[in-house]
Amino acid sequence: MKYQETTYKADPILLRSVVISALVLCALSAQAAPADEQPYLCELGVQAGCGYYVGDATPHIFQNPREAFGAQFRYKFTPRWALQVKGMGHRITGPIVDEDGQTLETTWQNKMINIDAAAEFNFFRFGGRVYNNRSFAATPYIFVGVGMSLYNEHFHSVAAYFPVGFGLKWQFAKFVGLNIAWQHNIYIADNLEGIASMSNTYNLNGWNIMNNDLTSQLTLGIVFEFAHEKKVCKFCNGQ
């Protein structure tokens with residue numbers, strides 16, 4: 001059986017579901033953020049979901065999903081901007097393809113540990129509404145950053161990558177929130193498979209980013225907020 005590359009189009013039902021979810025979260029934000037609630041600066045939480053791999057040994061991104069789990073810390077600089085630091089453990093796997101392009105019955109798999117830091121932008125002002133009624137308890141967001149991955153047997157291989165993605169976050173109770181995120185990792189490496197015959201086919205490792213491997217994770221997380229923002233009174237001391 002020959003290995004064939006297939007083109008996949010985005011599912012319109014999935015796209016509509018994401019948009020509807022964002023609208024519902026925003027509608028609920030008024031009830032989720034009491035007017036007297038003081039905003040927080042930090043979040044710490046856990047997340048779990050599925051991850052998958054895109055490279056020389058798989059034709060599309062949704063093939064062979066495997067479990068992914070990790071932890072996340074977020075520091076909010078402003079209601080719009082935040083820094084997130086994330087650690088994620090997951091497995092990647094796929095069919096083995098020989099030099100003639102034939103897919104074999106056996107499969108390969110590797111464990112990975114990813115650590116990254118990313119700048120995050122909120123589409124809506126996120127946080128408590130004690131000083132600003134325009135703030136919301138739910139918002140979609142996007143992020144981009146840098147990271148480092150350990151992989152292969154005994155994690156002896158190291159590669160840098162660029163994480164990009166988007167998500168939805170919702171503070172549904174006092175100091176407790178939910179995060180849904182899709183993250184795409186662009187590696188400066190082409191050997192995530194750990195099999196010499198399937199890696200670095202054209203000797204382009206390390207500089208041609210368009211030929212390198214990719215991974216993605218879709219996760220759901222719960223976060224706990226702490227460290228109240230410092231209270232500021234614009235009408236005190238004659239200001």
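Predicted model: local features only at pLDDT ≥ 70, side-chain atom pairs only at ≥ 80, totals over all residues.

Me: How much space lies in the largest cavity?

Reply: The largest cavity holds about 100 Å³. It is lined by 14 residues, and those closest to its centre are Tyr40, Glu43, Lys76, Phe126 and Glu225.

Me: And which elements give two or more residues to that lining?

Reply: That would be β1 (40-54), β2 (66-76) and β6. Of the elements, β1 gives the most to the lining of the largest cavity, with four residues.

Me: OK, step back a bit. How many helices and strands does the protein chain have?

Reply: One helix and eight strands. Reading from the N terminus, the order is α-β-β-β-β-β-β-β-β.

Me: What share of the residues is buried?

Reply: Buried residues are 41% of the 239 in the protein chain.

Me: Let's switch to charges. How many salt bridges does the count come to?

Reply: Four salt bridges. One of them is between the side chains of Arg74 and Glu43, at 2.4 Å from N to O. Arg74 sits in strand β2 and Glu43 in strand β1, so this pair ties together parts 31 residues apart in sequence.

Me: Are Arg74 and Glu43 buried or exposed?

Reply: Both Arg74 and Glu43 are buried. Glu43 also came up with the largest cavity, among the residues closest to its centre.

Me: What about Lys169, which side chain does that one meet?

Reply: The side chain of Lys169 meets that of Glu120 in a salt bridge, 2.4 Å from N to O. The pair links distant parts of the chain, with Lys169 in strand β6 and Glu120 in strand β4 (residues 103-122), 49 residues apart. Both Lys169 and Glu120 are buried.

Me: Which residues are linked in a network of salt bridges?

Reply: Glu43, Arg74, Glu120 and Lys169 are linked in a network.

Me: Where does Glu67 come in?

Reply: The side chain of Glu67 makes a salt bridge with that of Arg91, 2.9 Å from N to O. Glu67 is in strand β2 and Arg91 in strand β3 (residues 81-97), so to speak distant parts of the chain, 24 residues apart. Glu67 counts as partly exposed because its relative accessibility is 37%, and partly exposed covers the range between under 20% (buried) and over 50% (exposed).

Me: Good. Now the strand pairing: how many bridges join β5 to β6?

Reply: There are 12 bridges between strand β5 (residues 138-151) and β6, which run antiparallel. Within that pairing, Phe143 stands opposite Gly165 in β6.

Me: What goes on in the hairpin of β5 and β6?

Reply: Five residues lie between the strands of that hairpin, and Asn152 takes a positive phi near 70°.

Me: Which strand pairs with β7 over 11 bridges in the antiparallel sense, then?

Reply: Strand β8 (residues 214-228). Val176 has Phe224 in β8 as its bridge partner.

Me: Back to Phe175. Where is its place in the chain?

Reply: Phe175 is in the loop between β6 (157-173) and β7 (176-187). It counts as partly exposed because its relative accessibility is 39%.

Me: Which residues form the nonpolar patch on the surface?

Reply: Val46, Phe172, Phe175, Ile222 and Phe224 form it, with about 430 Å² of accessible area together. So Phe175, partly exposed at 39% relative accessibility, is in the patch along with Phe224, the bridge partner of Val176.

Me: Last one: which strand does Gly49 lie in?

Reply: Gly49 lies in strand β1. At 31% relative accessibility, Gly49 counts as partly exposed. The C-alpha atoms of Gly49 and Gly70 are separated by 9.3 Å, with the two glycines 21 residues apart along the chain.

Notes: Residues numbered from 1 in each chain as written. Heavy atoms only, no water. Patch = residues over 30% accessible without salt bridge, like charges linked within 9 Å, V, L, I, M, F, W, Y side chains within 5 Å. Areas by Shrake-Rupley, 256 points an atom, 1.4 Å probe, with all protein chains shown as cover. Buried < 20%, exposed > 50% of the residue type's maximum accessible area, 1.4 Å probe, protein only. Pairing = 2+ DSSP bridges. 1 Å grid on protein atoms, 1.4 Å probe; cavity = no way out; pocket = protein on both sides within 12 Å on 5 of 7 lines; lining within 4 Å. Points joined across faces, edges and corners; volume = space filled by probe spheres on them.
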